[in-house]
Amino acid sequence: GRHAQFGTSEGPTTFAAAARRAGLASLLMADDPRLFEHPAGADFDDALELQPFALAGPTADDVESTHAARALAAVSERLEDLSQPFAVWLHLGTLGGAWDAPTAFRERFRDEEDPPVPTFTTLPERALPRDDLDERFGFAQAYAGQLALVDACVGGLLEQLTESGRDADTAVVVLGLRGLALGEHA
């Protein structure tokens, strides 16, 4: 929420303050309650706490049941009520939390000769075995499946912006702030 590029002569400022100076109403939507307690989060004009992701459970049966789909549906609903012009900061922990994409999303990245895709949703905190390439590849399949799910959900949000006519004057920026180490460092 802070970057020197948005700074003033007094120094760096928050995203929300920069939006306010530009005449934009600002909204923070997040699934992590800690963001609302942070000074940069408290600076927004409005806030909507999204349902946190579940840390355990099976993969979802369908896209609509996933954390990412439910969160982006809440965003779509809220966008309908926002007065123009606005800036929304959406923070989702779905790539760093529970990977609940339907198994079919993982299967997209499996060839016939590959072992079955893993079915875990809670990310284990451990080093990956150096000698079990199938297990390491399974993590890559699960991560790729979750990323494909997020991509599909963002696509739905973009379609909604197009259908509502807001696509012409709306910019959408998607950032991934972390990756998953799956390779040479185990």
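Predicted model: local features only at pLDDT ≥ 70, side-chain atom pairs only at ≥ 80, totals over all residues.
Colleague: At what angle do the axes of helix 4 and helix 6 cross?

Modeller: Roughly 15°. The two axes come within 9 Å. Helix 4 covers residues 67-81 and helix 6 covers residues 133-164.

Colleague: Is the crossing left-handed or right-handed?

Modeller: The crossing of helix 4 and helix 6 is right-handed.

Colleague: Which residues make the contact?

Modeller: From helix 4, Ala68, Ala69, Leu72, Val75, Ser76, Leu79 and Glu80. From helix 6, Leu149, Val150, Cys153, Val154, Leu157, Gln160, Leu161 and Ser164.

Colleague: And by class, how does that contact divide?

Modeller: Eleven residues are nonpolar, three are polar and one is charged.

Colleague: New topic. How much space lies in the largest pocket?

Modeller: About 1500 Å³. The pocket is lined by 40 residues. Closest to its centre are Leu90, His91, Val173, Val174 and Leu175.

Colleague: Which element supplies the largest share of that lining?

Modeller: Helix 6, with seven residues. Helix 4 and strand 5 (86-91) each supply at least two.

Colleague: What classes are the lining residues?

Modeller: The lining of the largest pocket has 26 nonpolar, eight polar and six charged residues.

Methods: Residues numbered from 1 in each chain as written. Heavy atoms only, no water. Axes fitted to C-alpha atoms, helices over the stretch in contact; angles between N-to-C directions. Helix = DSSP H or I, 4+ residues; strand = E, 2+ residues; numbered from the N terminus. Left-handed = near helix turned anticlockwise from the far one by under 90°. Contact = heavy atoms within 4.5 Å. Nonpolar A, V, L, I, M, F, W, Y, C, P; charged D, E, K, R; others polar. 1 Å grid on protein atoms, 1.4 Å probe; cavity = no way out; pocket = protein on both sides within 12 Å on 5 of 7 lines; lining within 4 Å. Points joined across faces, edges and corners; volume = space filled by probe spheres on them.
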